[in-house]
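Subject: Structure handover

Hello,

Here is the structure, with the sequence alongside. My notes follow below it.

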Amino acid sequence: MSGIIEELLQSVGKESLLTAEEAANRPASLWLSNDHLRCKALLRPANTQEVSKALKICNEYGQTVIPHGGLTGVARGEKTGPEDIAISLERMNTIEEINLQNKTVTVQAGVILQDLQNAVADKGLLFPLDLGSKGSCMIGGNISTNAGGLQALRYGVTRQLVLGLEVVLADGTIISSMNKMLKNNAGYDLKQFFIGSEGTLGIITRAVLKLEDAPKSRNTAMVALKSFNHAVDFLNRSKRDLNSTLTTYEIFWNDYYRLMTTPPSEYKPPLAQDYPFYVLMETLGQDEKSDEERFHQHLESCLTEGVIEDASPATSHQEFANLWGIREKVELIFQIHQPVFLFDVSLPISEMENYISSIEKQYRSEWDEVHFYAYGHMGDGNLHMYVCCGEDDYKTRHRVEEIAFEPLKAIGGSVTAEHGLGLEKKPWVHYCRTPEELALMRTLKNALDPKGILNRGKVI
């Protein structure tokens with residue numbers, strides 16, 4: 001057993017460390033269930049002090065440390081090698097306080113998102129971050145990747161939901177900035193350094209998060225539209241007419257909707273499959289009767305005026321589940337097609353239609369058979385694309401990524417909206433960050449982690 005492993009065992013105890021052989025029984029990623037974890041050891045600290053002790057030792061040895069959350073990421077930010085030590089905060093999963101007066105919750109970083117949602121719902125409150133992976137992802141990972149999700153249109157991304165953080169730096173220093181106030185203008189807002197940094201600047205151990213009142217009404221519908229311009233018009237009218245209750249506005253191109261509503265998919269088409277665009281919209285409110293009336297009146301007026309072509313509101317739990325299944329069960333794409341390249345881009349709404357049209361045309365001009373699916377969080381400028389062209393070698397991957405990313409330079413887009421850079425998107429970051437921005441990011445990394453032990457090789 002190596003010296004560093006022995007020292008870590010003495011410092012944090014056997015329960016807080018799995019050897020390489022023990023860790024090899026665990027998956028490396030939820031997306032790669034057949035790929036077992038390869039690492040020198042897996043740290044499983046029970047508290048912030050153990051995280052601090054472990055990082056201090058690793059820093060002294062110059063030992064690389066790779067943070068692991070729920071392993072739901074798709075940018076390979078959690079990738080480890082046999083010489084890396086992985087660290088998971090899965091044992092730090094306590095919800096410490098739900099403050100009803102302040103509408104805040106204090107949590108350890110290993111809390112599962114869905115567990116947090118359920119706990120605050122029991123108190124009549126809502127934590128509005130909502131992701132397809134909520135049953136597995138951890139709050140620390142959500143914060144470190146600045147997760148977006150399905151309700152960002154109304155509540156913002158994770159960054160807008162964090163009031164305070166506790167973070168352990170690479171040398172073991174504990175930075176406790178567990179602010180519970182909405183306003184604190186006393187110097188630098190240090191938590192912002194770590195939100196979205198993907199574990200490259202420090203290990204998030206605890207957080208104070210904002211809560212909202214739990215909704216008393218929920219209205220959901222699938223809507224068909226004859227053009228992208230009509231989808232934009234409908235979005236703007238919905239924002240204006242629904243009294244700020246509009247929470248979700250997801251757009252689907254026809255190929256995606258058709259795939260997700262045709263066998264072997266288990267979901268039935270709520271609307272005919274021949275419209276060019278579909279929108280899944282949802283409102284959350286505080287007045288069940290008036291919110292429902294307003295929602296249906298809005299759909300009826302837009303239908304009468306030709307803004308939308310058809311609408312299918314959910315009137316039962318089964319219909320609700322069917323509508324959301326069409327949006328969320330994206331693993332069907334991987335069951336039908338292999339290999340698949342996944343993209344998560346951000347761009348102005350005004351550029352979306354031309355962007356999707358141009359890159360799909362380029363893919364079809366370079367490969368004989370291409371399967372291309374597009375959908376996303378239109379309301380906050382975030383699109384997801386899935387591309388299958390039958391090949392998966394390095395040259396093909398590079399070209400597929402180049403086609404997706406190169407047009408973003410000219411329109412002020414980003415190669416990642418919510419999944420993060422990890423290893424997958426790092427080679428393309430120069431398309432959406434200036435040389436000066438990248439230099440400042442490196443300066444920050446060097447200042448907080450001069451030995452480069454935290455998630456080495458990721459992001460920057």
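Are Phe-405 and Trp-428 buried or exposed? Both Phe-405 and Trp-428 are buried. Please keep in mind that this is a predicted model.

Aromatic pairs

The structure holds 15 aromatic pairs. One of them joins Phe-334 and Tyr-386 in an edge-to-face arrangement, with 5.8 Å from centre to centre and 80 degrees between the planes. Phe-334 sits in helix H12 (residues 331-336) and Tyr-386 in strand E20 (residues 382-388), so this pair ties together parts that are 52 residues apart in sequence. Phe-334 counts as partly exposed, at 23% relative accessibility, whereas Tyr-386 is buried, with a relative accessible area of 5%.

Phe-405 and Trp-428 also pair: their ring centres are 5.7 Å apart and their planes are at 55 degrees, so the pair is tilted. Phe-405 belongs to helix H14 (residues 394-405), and Trp-428 to the loop between helix H15 (408-411) and helix H16 (435-448), so the parts tied together here are 23 residues apart in sequence.

One aromatic cluster is formed by Phe-252, Tyr-256, Phe-334, Tyr-375 and Tyr-386.

Thr-205

Thr-205 is located in strand E12 (residues 203-210). Its relative accessibility is 0%, so Thr-205 counts as buried. The side chain of Thr-205 makes a polar contact of 2.8 Å with the side chain of Glu-166. Leaving aside residues up to four places away in sequence, Thr-205 touches several others, including Thr-48, Val-51, Leu-89, Met-92, Glu-166, Val-167 and Val-168.

Regards

Definitions and conventions: Residues are numbered from 1 along each chain as its sequence is written. This is a predicted model: local features need pLDDT of at least 70, side-chain atom pairs count only at pLDDT 80 or more; totals for chains, interfaces and linings use all residues. Side-chain values use heavy atoms; hydrogens and water are left out. Helices (H or I, at least four residues) and strands (E, at least two) are DSSP runs, numbered from the N terminus. Buried means under 20% relative accessible area, exposed over 50%, partly exposed in between (1.4 Å probe, protein chains only). A polar contact is a pair of N or O atoms within 3.5 Å; within protein, one must be able to donate a hydrogen and the other to accept it, and residues adjacent in sequence count only if both atoms are side-chain atoms. Contact means heavy atoms within 4.5 Å. Rings of Phe, Tyr and Trp (its six-membered ring) pair if their centres lie within 6.5 Å; planes under 30 degrees apart count as stacked, over 60 as edge-to-face and the rest as tilted.
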